[in-house]
Amino acid sequence: MAGTSSDVVVIGGGVIGVSSAWWLEQAGYSVTIVERRHSLGSLTTPNALGTIRTQYGTPSLVALAQESLEFYRDIDARLGVKPSDIEFANPGYVYLSDRADDVDRLAEALTMYQGLGVTSSELLDEADIRRRFPFAGDSVAGIFHRDGSFVNPALVTGAWAGRLSNTTVLLDSGVNAIEPTSSGWRVSTDRGHVDADAVVVAAGPYAAQLLSPFGVDLPVRVTPRYRVFIPDDDPDHKVAPLVINVVNGSYWRPVPGGVWLSTANVDDRTVEPQESVEVPDDFLATAIEEIRPVSPRLAATAEAADPASLTYAGGFQSYPIDDVPIIGAVPGHEGLFANVGHWAGIMLSPASGRLLADVVAGTSGTENPCGFDRFTAGTAKRSSTNKFGGWG
Ligand SMILES: Cc1cc2nc3c(=O)[nH]c(=O)nc-3n(C[C@H](O)[C@H](O)[C@H](O)COP(=O)(O)OP(=O)(O)OC[C@H]3O[C@@H](n4cnc5c(N)ncnc54)[C@H](O)[C@@H]3O)c2cc1C
């Protein structure tokens, strides 16, 4: 079979693969992206809600998110595309609860976030909520996070891909072997092979399958998440921030013509990834009930909607045990790297691509909070403070 070569092969052309390729180019490498599907950014990435924040309960996530938000704000200078080209907007996030006993819990959470350098969040009392968020139903307590922003995931992927100049993209090229050679690596695909000095696995939910031959038991849960588009012309909803019910983690954001509604998945399920995600029959009913306390008008609109007007999507999110993506050199296999474990990959694509390129180039320094060694060192701690249903 025919073969080509480049300095680095990136396996996977989702948002993480293309941002990694762009940053690798900036570091001076020629790159080949090998992607099993017909187009870039077509598996998990296009089904995301495209929401961005810097409020997390884990220091390394705060740092990655702050760096990424700065990149998005400055995207014109960085990638040469206008913020409007990726539908960037900064309406904030509002975390709401209809439970009076959550007032103290939210205050404690805010203190914790502020201790981690999150300066853009404030507590809301019932009067603030009534005044600022007239759609918020029985909410009595909340946090408003000013950094909260939106992008369009497909447009972000297109922005990274559109600026690649030293990268070859091989589509319809599923990888079936990654093997060391005398001078580097050979990546074999359905349509030929690519030789390279280094290989980066950025295969989203399939990462564990590709890394297991190298002795890596990836500590990542792969779990489905769904969204539904609901047509909605409520003027208060059109200008809303991301709205989260912190009691159960359900959330929605406005998009042109309506809203995207989703629910959290903070349980311990893990599934085998597939090429498409089947949305369960009860997803809509569950999402409506979960969001109703903090957005009753939206719940009523969704209930009254013509089922034919609703559009569903879903994907497999990857959750490392400590919620921090895994970006680093695969131990014991020189020249093999990973940029995987992304459950917030749209928001973190700028910083994770940059860190990956630094690791490949050997310029990341000795401290890499996203590396594999945190698992062997036992410093990776399970966290409940990053996800919506668990205060994140
Ligand atoms: C409903 C939902 C809502 C979400 N909301 C948000 C949000 O608001 N904000 C946010 O930041 N994130 C959100 N996410 C998460 C986000 O979508 C992911 O973190 C991100 O898309 C991961 O990108 P990726 O490139 O790692 O994976 P993917 O997009 O899955 O890309 C991996 C690619 O690797 C390819 N691949 C795999 N195996 C092989 C192989 N053997 N050979 C060749 N190619 C291979 C796949 O075909 C795929 O194209 C959401 C996800 C879902 C499902």
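1. Of the 41 residues around the ligand, the nearest are Gly 12, Gly 14, Gly 204, Gly 315 and Gly 345. The model is a predicted one. Helix H1 (15-26), strand E12 (220-231), strand E16 (311-320) and helix H11 (345-361) each give at least two residues to the shell around the ligand. Sorted by class, that shell has 18 nonpolar, 18 polar and five charged residues.

2. Why does the ligand lie between domain 1 and domain 2? Both domain 1 (3-49 + 154-220 + 321-387) and domain 2 (89-148 + 221-319) give residues to the shell around the ligand, so it lies between them.

3. On the domains themselves: the protein chain is divided into domain 1 (3-49 + 154-220 + 321-387) and domain 2 (89-148 + 221-319). Taken over C-alpha atoms, their centres are 30 Å apart. In the contact between them, 16 residues of domain 1 meet 18 residues of domain 2. The side of domain 1 that touches domain 2 has eight nonpolar, six polar and two charged residues.

4. Helix H2 (residues 59-73) has 15 residues, and from its first C-alpha to its last it reaches 21 Å, close to the 21 Å expected at 1.5 Å a residue. The buried residues in H2 are Ser 60, Leu 61, Leu 64, Ala 65, Ser 68, Leu 69 and Tyr 72. They cover an arc of only 160 degrees around the axis, which puts them on the same side of H2. An α-helix has 3.6 residues a turn, so residues three or four places apart point the same way. The cover over the buried residues of H2 includes strand E3 (51-52), H3, strand E7 (149-150) and H11.

5. Helix H4 (residues 102-115) has 14 residues and spans 20 Å from first C-alpha to last, close to the 20 Å expected at 1.5 Å a residue. Which residues of H4 are buried? They are Asp 102, Leu 106, Ala 109 and Tyr 113. These residues cover an arc of only 60 degrees around the axis, which puts them on the same side of H4. Asp 104, Glu 108, Thr 111 and Gly 115 are exposed on the other side of H4. Among the elements that cover the buried residues of H4 are E4, strand E5 (121-124) and strand E6 (141-145). Gly 117 follows H4 and has a positive phi, near 95 degrees.

6. Helix H6 (residues 153-162) is mostly covered, with seven of its ten residues buried. The buried residues are Pro 153, Ala 154, Val 156, Thr 157, Ala 159, Trp 160 and Ala 161. They pack against H1, H3 and H11.

7. Two residues in the loop between H3 and E4 deserve a look, starting with Glu 87. Its phi is near 55 degrees, a positive value in a residue other than glycine. Is Glu 87 buried or partly exposed? Glu 87 has 16 other C-beta atoms within 10 Å, so it is partly exposed; a residue needs 20 or more to be buried.

8. Ala 89 is also placed in the loop between helix H3 (75-79) and strand E4 (93-97). Ala 89 is partly exposed, because 18 other C-beta atoms lie within 10 Å. Not counting residues up to four places away in sequence, Ala 89 touches Ser 149 and Phe 150. Between Ala 89 and Arg 73 there are 9.3 Å in space, C-alpha to C-alpha, and the two are 16 residues apart in sequence.

9. Val 216 sits in the loop between helix H7 (207-211) and E12. Val 216 counts as buried because it has 22 C-beta neighbours inside 10 Å. Its contacts, leaving aside neighbours within four places in sequence, are with Leu 211 and Val 330. Val 216 and Phe 372 are 156 residues apart in sequence, but 9.5 Å apart in space, C-alpha to C-alpha.

10. Asp 323 belongs to the loop between E16 and strand E17 (326-329). The phi of Asp 323 is near 75 degrees, a positive value in a residue other than glycine. Asp 323 is buried, because 24 other C-beta atoms lie within 10 Å.

Notes:
Residues numbered from 1 in each chain as written. Predicted model: local features only at pLDDT ≥ 70, side-chain atom pairs only at ≥ 80, totals over all residues. Near = placed C-beta within 6 Å. Helix = DSSP H or I, 4+ residues; strand = E, 2+ residues; numbered from the N terminus. Nonpolar A, V, L, I, M, F, W, Y, C, P; charged D, E, K, R; others polar. Domains from an automatic or database assignment. Buried ≥ 20, exposed ≤ 12 C-beta atoms within 10 Å, placed from the backbone. Contact = placed C-beta atoms within 7 Å. Expected span 1.5 Å × (residues − 1). Arc of directions from axis to C-beta.
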